[in-house]
Amino acid sequence: MTESTAPAGDENRTVLLRGGEVHSPADPFATAMVVERGHVAWVGSEGAADAFAATADDVVDLDGALVTPAFTDAHVHTTSTGLALTGLDLAPASTVADALALVRRHADAHPDDAVLLGGGWDAARWPERRPPSRAELDEATGGRPLYLPRVDVHSAVVTTALLDLVPGVTDLSGYHPDAPLTGAAHHAVRAAAHAAVTPAQRIAAQRAALDRAASLGIGTLHECGGPEISDEADFTGLLALAESHPGPRVVGYWAERIADAKDARRIRDLGAVGAAGDLFVDGSLGSHTACLHDPYADADHTGVRHLDVPEIAAHVTACTEAGLQAGFHAIGDAALSAVVAGVRAAADALGTARVRAARHRVEHAEMLTPEHIAAFADLGLTASVQPAFDAAWGGAEGMYAERLGVERARTLNPYAALLRAGVPLAFGSDSPVTPLDPWGTVRAAAFHRTPEHRVSVRAAFTAHTRGGWRAIGRDDAGVLVPGAPADYAVWHAGDLVVQAPDDRVARWSTDPRSGTPGLPDLTPGGELPRCLRTVVSGRTVFDRLNG
């Protein structure tokens, strides 16, 4: 791939990209694109591109590369992602002994850290089927404070030294002497652990996460912060860093309930676009804290519910009246029933049209029933979902089946039914719960472990690009058409195809007469596309185009 010798451009320069494949509904056979003043100015064929070459500041020879809209990851915890990238990651551990060895190595390598931070463990994948005990962690760290959240970040194992930093923790709900901490006890130790992160560590972690996202063709992140997840300084600091650091734009959600216009102003003053994201109605399936109608298959309870229907209704009503997006974290079927009932109550009070116009969101929305799906469609709720969850924990032998039984587990994450009902989808990772991996996310939705929940690659790609923009109320972005923001990525990819669950659709769509633009072949086991350049509003934020 070659590029002109003109000076490196920025958002004010005119750039002609040509000689590739441009994924655009404006021209399904496009091979060229012009970017001007941070927006797409033209998309078309190679012959017509000659007319722009003389006046362009930069001409990029794509040498057959694919150009697509940049991805939007609709659910991220940026600082935690960066800490996982720069700190102790237990995801590679395959046994408790492996995990303890990684803890020892990290402790030895960081003798000056006030609190050792890590995460990513999933005991469901280990033969022992248990996390490290407190005594084992005390020994591995030499008695130092350590905070290790489970991969879903809804429970954690810690050392005695960290507990000693939180007076009264043993009296809080969710404290278990010989099991992972949940609920209030978990939130208290997490706050103590994060308070030990220095400003320099925090900024370094945020930069690392933004840089990783840019290197993967991600142009926008939806940061899901809140008082039970991070703190206001972390949230506002990230938004400020994103304004100056060359990388993805960051759209902030702050998960705190509001009661009136004054509360709404405070949310906006933080820089958030909504009082949404991880406003917890329940927890997670892995930690047995998702709220269910019927008990877990492997535990004699139904999980935890943090908000009831009147509280949900009051929040949605206040947000709608203030013109602010509301949203909730809801995974279990009982939690989703509460959300639907609460939003319905707000719609009854304010009018369904007004609630629909606000585009309120539900994060995760895994254990949906047909009744929930119909209500989502009626109320205009966006399902902000994470297909990598199914790839990681779905299937007859996966964690979901262990927690719920095979039959209930098969109902989870019904993306095809959501699309058929007209429910808007926005895809994300919930990183660091699952990694930033946009093409892997598209693959996970297209090759869902439950075949009836699969969607076409094109539909999944749309949910991970345009869907994220629509989730924040923008219908003019996430697609490469004239006038749209110039958020795009350049990819090294193989042959372009059309993949759909119904082979009859795929056969017609690959016929040139259909005019359907192709996308990379994402069949499991194959190599995923490699990002060569990421551009946000015409500004290059990642580049190895000539590398």
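A crossing of two helices is right-handed if the near helix is turned clockwise from the far one by less than a right angle, and left-handed if anticlockwise. That term is needed at the first stop; the model on screen is predicted.

**Helices H10 and H11**

Select helix H10 (residues 309–322) and helix H11 (residues 333–350). Their axes come within 8 Å and cross at roughly 45°. Angles under 35 degrees would count as roughly parallel and 65 to 115 as roughly perpendicular, so H10 is oblique to H11. The crossing of H10 and H11 is right-handed. To see the contact, show side chains on both helices. H10 contributes Val309, Ile312, Ala313, Val316, Thr317, Thr320 and Glu321. From H11 come Ala338, Val339, Ala341, Gly342, Val343, Ala345, Ala346 and Leu350.

Now pick strand E11 (residues 146–149), which pairs with E12 in the antiparallel sense over three bridges. Within this pairing, Tyr147 stands opposite Val158 in E12.

**Aromatic pairs**

Colour the rings of Phe, Tyr and Trp; the structure holds 11 aromatic pairs. Centre the view on Trp42 and Phe52, a tilted pair at 4.6 Å centre to centre, with 35° between the planes. Trp42 belongs to strand E5 (residues 39–44) and Phe52 to helix H1 (residues 46–53), so this pair ties together parts that are 10 residues apart in sequence. Trp42 counts as buried, at 17% relative accessibility, while Phe52 is partly exposed, at 27%.

Go on to Phe235 and Trp254. Their ring centres are 5.1 Å apart and the planes stand at 55°, so this pair is tilted. Phe235 lies in helix H8 (residues 232–244) and Trp254 in strand E14 (residues 249–254), so parts 19 residues apart in sequence are tied together. Phe235 is buried at 1% relative accessibility, and Trp254 is buried with a relative accessible area of 1%.

For the last stop, select Phe71, Trp439, Phe461 and Trp491, which ring pairs link into a cluster.

Technical notes:
Residues numbered from 1 in each chain as written. Predicted model: local features only at pLDDT ≥ 70, side-chain atom pairs only at ≥ 80, totals over all residues. Heavy atoms only, no water. Pairing = 2+ DSSP bridges. Helix = DSSP H or I, 4+ residues; strand = E, 2+ residues; numbered from the N terminus. Phe/Tyr/Trp six-rings, centres within 6.5 Å; stacked < 30°, edge-to-face > 60°. Buried < 20%, exposed > 50% of the residue type's maximum accessible area, 1.4 Å probe, protein only. Axes fitted to C-alpha atoms, helices over the stretch in contact; angles between N-to-C directions. Parallel < 35°, antiparallel > 145°, perpendicular 65-115°, else oblique. Contact = heavy atoms within 4.5 Å.
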